[in-house]
Amino acid sequence: MRYLPHTDEEIAAMLAVVGRNSLDELFCSIPDHCRYQGEMPLPEALSEWQLEEHFAELGEVMTVGSRHKVLIGAGSAHHFIPESIRALLSRSEFLTAYTPYQPEIAQGTLQGIYEYQTLTARLLGMDVANASMYDGASALAEALLMALRIGRKKSRVAVAGSIHPHYRQVVRTYLGPAGYELVELPVGPEGRCDLSALGDLGELAAVAVQSPNFFGVVEDLELLGQQIHQSGALFIVSFSEPLAFGLFKNPGECGADIACGEGQSFGMPRSFGGAGLGMFACREQFVRNMPGRLVGETLDRQGRRGFVLTLATREQHIRREKATSNICSNQGICAMTAAMYMASLGGTGLRRLARLNYDKAQYCQERLGQVGGKVLWNSPVFNEFVIEFAERDFGPVRQRLLAAGIVAGLDLGRFYPEHAGRYLFGITETVDKAVIDRVAEEVEK
Amino acid sequence: MITESNGMMQDEPLLWEKGRRGRQGMSIPASDVPPGKPPAELCGEGPDFPDLSEVDVVRHYTRLSGWNYGVDRGMYPLGSCTMKYNPKINDRLAATPAIAAAHPLLDESQVQGCLQLMYRLQQALAAITGLPGVCLQPAAGAQGELAGMLLFAAWHRHRGSRRTKILIPDTAHGTNPASAALCGFKPVPVASGAEGILEPAAVDALMDEETAGIMITNPNTLGLFESNIREIADLVHARGGLVYGDGANMNAVMGIVSPARCGIDVMHLNLHKTFSTPHGGGGPGAGPVCVSAELSPFLPVPRVVLSDGRYRLEEDHPLAVGRVHAFHGNFSVLVRAYAYIRSMGAEYLKRASQLAVLNAAYLKESLKDTLPLAFPRPCMHECVFSDAWLHEQNVTTLDFAKRLIDYGYHPPTIYFPLVVPGAIMIEPTETESKEELDRFIATVKQIVQEADDDPELLRQAPVRAKLCRLDETRAARQPCLCG
């Protein structure tokens with residue numbers, strides 16, 4: 001086996017040094033009743049070439065492939081990824097390194113993550129961003145737990161019903177067993193978060209809102225932030241499309257105390273939903289309550305600038321059960337990817353790309369409106385929008401489009417039964433006008 | 001202006017210290033649609049990012065990469081972290097176009113390849129652990145632990161038993177107490193015995209009607225097999241508790257130990273350790289949980305099942321603890337681990353464990369007269385030495401570790417596990433050859449000699465890295481986390 005370098009002679013020589021007669025004897029401390037019986041029932045080992053063949057077959061049974069135009073976002077967006085990023089990510093100096101606990105030989109990772117933290121903080125308008133969380137969902141759960149720590153005696157939090165349904169499910173999973181109470185706020189008539197019940201909810205440690213929300217609607221974060229702060233709760237902004245902050249006001253400007261979300265759209269393929277990136281940032285006053293790793297600047301013994309993991313006294317390996325989170329491994333290389341992507345776009349490019357995404361979705365929404373599609377809400381959207389085709393059954397249209405290589409939107413019914421038959425479309429810079437026109441033409445037929 | 005140069009280990013400024021307004025590092029398509037009218041009151045300025053060209057970005061990260069040490073560069077004997085070689089083919093397979101492009105919310109019928117892969121990986125992990133229920137969602141070992149603790153809580157609640165404590169040995173993984181606490185369990189430490197392993201009597205004294213169960217890392221963080229695990233499991237079960245197996249060290253015992261026969265009810269596996277996926281400078285990992293048939297109804301949803309020749313995602317399980325990831329976990333990591341298991345088969349997975357243990361035993365035997373062993377028992381995949389030898393020279397474990405850097409090695413894990421003073425924890429993994437180990441052994445002996453002859457060499461180390469020792473106290477006292 002090519003990954004195992006030992007020859008029979010070497011094994012024999014090594015066994016002689018350790019005073020054993022066989023490899024089996026190395027395991028003499030294992031009692032019989034703990035031993036594996038027989039051989040593990042696994043398929044035969046494949047050669048590298050057979051393995052490639054097997055994966056080619058797995059690829060072939062995917063009836064929607066990489067050439068399809070998938071007009072779905074819903075927390076997993078398709079954006080162009082420059083080849084330069086793929087090439088840089090293949091550098092094994094980054095990929096095959098461990099967590100940078102030995103800073104003298106990990107300055108590449110450490111400076112890279114420090115840059116990621118800085119660009120993320122600037123993007124979100126926050127003081128400090130951490131080195132990453134698992135994904136947008138667990139980042140939100142951890143943000144709420146953080147707010148509960150800050151709120152001390154408070155044991156209730158609220159989340160907008162327009163937050164990604166899967167994020168809300170993960171929040172429920174995380175908060176349930178510790179006995180915290182979770183309230184869901186209704187979606188208002190314009191597809192935006194409805195805070196009218198806020199006054200009746202009693203003391204809340206935090207209120208979380210997503211923008212753009214699951215329906216693609218851009219929330220009026222400034223207004224929401226004021227109302228939430230008036231109620232005495234912390235204001236958490238969740239997101240699944242950070243590109244939006246290239247065009248719209250960022251969470252920090254709107255008063256967010258914590259901003260967290262999914263960063264997959266910054267240079268990571270959809271890859272069936274992972275590995276993505278949990279982005280997490282907060283105001284400076286809350287840093288010591290923050291979950292996750294942090295990289296900080298310092299000096300070496302000769303006074304040269306360098307970077308280290310810092311404020312580790314918050315973390316599980318030091319603080320044990322009193323840690324701010326149990327997270328250890330995070331999404332390191334994904335954070336590095338996002339930084340490469342932000343660097344490649346630059347401030348000018350990010351704004352241009354955000355604007356292009358806005359325009360495309362706007363065009364698609366209008367174009368479908370012209371052929372009888374009814375835009376559900378009259379709110380501004382970014383990248384995504386909800387539409388219904390009341391006059392005709394969209395099912396057959398969707399089938400015809402699929403045959404033409406286009407996956408036209410996502411039926412909302414599986415997440416919101418009241419919206420069954422309404423479709424959530426996701427449009428990015430990867431969708432040409434011709435594709436949008438084709439969808440419209442098919443609706444018209 | 002000529003910036004400071006460090007020869008071929010070039011200096012490189014921070015991203016925002018470079019660039020010129022108006023540069024662009026990636027291709028952005030020209031707009032083919034009419035401009036929309038974003039509402040001015042919601043619009044912002046956009047972030048203050050530097051503008052860089054593609055060359056700027058490529059040079060920047062290429063230079064940074066030169067300051068890093070990875071497995072491809074050399075031996076990485078970090079105890080408990082399992083820095084084995086990461087096969088190249090697996091990275092490429094994860095980029096298979098149809099798989100890398102798959103949207104997670106497509107219809108089941110459109111993504112049979114992805115679901116088949118997940119199903120087969122579930123089956124493989126079930127075969128390896130002997131535990132039939134598998135959930136692939138947890139994004140890392142610690143999230144696997146959390147999922148496991150959620151399962152404990154759900155199982156007890158379902159039986160109407162209210163338990164608030166959890167037993168955690170002092171040789172367990174560092175994340176265990178924090179994971180248990182997230183579920184509202186109060187960790188109760190259990191001291192390991194004089195031999196470095198758990199004694200049933202110690203568990204007997206603590207396991208009561210308020211205790212949900214025990215979390216055991218086996219082999220433990222001293223690299224020792226918990227030989228009493230079955231007796232301990234029987235005892236915990238008899239008192240209505242459950243046994244959690246932290247499988248972070250499963251790489252030592254694949255095909256040799258059956259976690260199911262050890263009496264383990266729930267176990268997570270670290271695919272980025274045992275199954276060779278790259279650590280990525282901190283992640284992503286993957287921490288699937290494997291459970292007994294009795295615990296299976298509580299597993300997170302959705303689950304991949306096979307019926308009538310089609311792979312499906314099942315959501316409707318009323319007892320399930322819920323969802324722990326937005327989609328299906330770190331799928332690109334699952335792909336790599338699956339490829340590794342298919343490349344190895346049962347025979348070579350077992351062989352990998354045997355050779356991992358052989359390598360650790362060989363290192364231990366070769367160094368036991370140079371460094372003091374913490375526990376003179378047969379070791380599994382890693383061995384732990386103490387710092388008793390260093391006191392005379394007024395040199396610390398940290399100094400020793402840093403000196404290894406000057407010889408081109410990543411240092412071992414140090415000061416962990418906490419039960420060993422000044423611990424030096426070495427895990428060579430099976431992918432290091434005998435001559436590589438011999439070189440490492442000779443280097444350690446040389447550094448020990450240096451500690452006698454010229455301890456200043458250790459105290460000043462490293463002198464051949466990009467930077468010399470960094471001031472961590474300063475970083476923590478005056479945090480500068482954002483540039």
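B:Ser27 counts as exposed, with 12 C-beta neighbours inside 10 Å; the cut-offs are 12 or fewer other C-beta atoms within 10 Å for exposed, 20 or more for buried, and partly exposed in between, with C-beta atoms placed from the backbone. This residue lies in the segment before helix H1 (54-65) of chain B. The C-alpha atoms of B:Ser27 and B:Ala172 are separated by 49 Å, the two residues being 145 apart along the chain.

This is a predicted model, in which local features need pLDDT of at least 70 and side-chain atom pairs count only at pLDDT 80 or more, while totals for chains, interfaces and linings use all residues. Residues are numbered from 1 along each chain as its sequence is written, and chains are lettered from A and ligands numbered from 1 in the order in which they are written.

B:Val420 is buried, with 23 other C-beta atoms within 10 Å. B:Val420 is found in the loop between strand S11 (413-414) and strand S12 (424-426) of chain B. Helices (H or I, at least four residues) and strands (E, at least two) are DSSP runs, numbered from the N terminus. Leaving aside neighbours within four places in sequence, B:Val420 is in contact with B:Ala374, B:Val384 and B:Ser386; contact here means that C-beta atoms, placed from the backbone, lie within 7 Å. From B:Val420 to B:Ala178, 242 residues apart along the chain, the C-alpha separation is 21 Å.

**Strand S5 of chain B**

Strand S5 (residues 242-247) of chain B is mostly covered, with 6 of its 6 residues buried. B:Leu242, B:Tyr244 and B:Asp246 point one way, and B:Val243, B:Gly245 and B:Gly247 the other way. S5(B) pairs in the parallel sense with strand S4 (residues 211-217) of chain B over 5 bridges, where pairing requires that DSSP finds at least two bridges between the strands. B:Tyr244 is the bridge partner of B:Met215. To get from S4(B) to S5(B), the chain passes through helix H8 (residues 229-238) of chain B in a right-handed β-α-β crossover; right-handed means that, with the strands pointing away from the viewer, the path from the first strand over the helix to the second runs clockwise. S5(B) also pairs in the parallel sense with strand S6 (residues 266-269) of chain B, over 4 bridges, and B:Tyr244 stands opposite B:Val266 in S6(B).

**Sheets of chain A**

Chain A has 12 helices and 15 strands, and 60% of its 445 residues count as buried. Its C-alpha atoms fill a box of roughly 80 × 55 × 50 Å along the principal axes.

An open sheet of 7 strands in chain A has the order S2-S8-S7-S6-S5-S3-S4, with mixed pairing. Strand S2 (128-129) and strand S4 (181-185) of chain A stand at the edges with a single partner strand each, so one side of each is left without a neighbour in the sheet.

Another open sheet, of 4 strands, has the order S11-S12-S15-S14 in chain A, with antiparallel pairing. Here the edges are strand S11 (374-375) and strand S14 (410-411) of chain A. A:Val375 stands opposite A:Ile387 in S12(A). Helix H10 (residues 332-370) of chain A packs on this sheet, touching S11, S12 and strand S15 (422-426), and its direction makes about 5° with that of S12(A). Such angles run from 0 to 180 degrees between N-to-C directions, with axes as lines fitted to C-alpha atoms, for helices over the stretch in contact.

| Strand pair | Sense | Bridges |
|---|---|---|
| S4(B) and S5(B) | parallel | 5 bridges |
| S5(B) and S6(B) | parallel | 4 bridges |
| S7(A) and S8(A) | antiparallel | 5 bridges |
| S11(A) and S12(A) | antiparallel | 2 bridges |

**Where the chains meet**

In all, 171 residues of chain B are in contact with 168 residues of chain A. Helix H9 (residues 331-367) of chain B supplies the largest share of chain B's side, 23 residues. That side has 98 nonpolar, 50 polar and 23 charged residues, counting Ala, Val, Leu, Ile, Met, Phe, Trp, Tyr, Cys and Pro as nonpolar, Asp, Glu, Lys and Arg as charged, and the others, Gly among them, as polar.

Note on methods. Contact = placed C-beta atoms within 7 Å.
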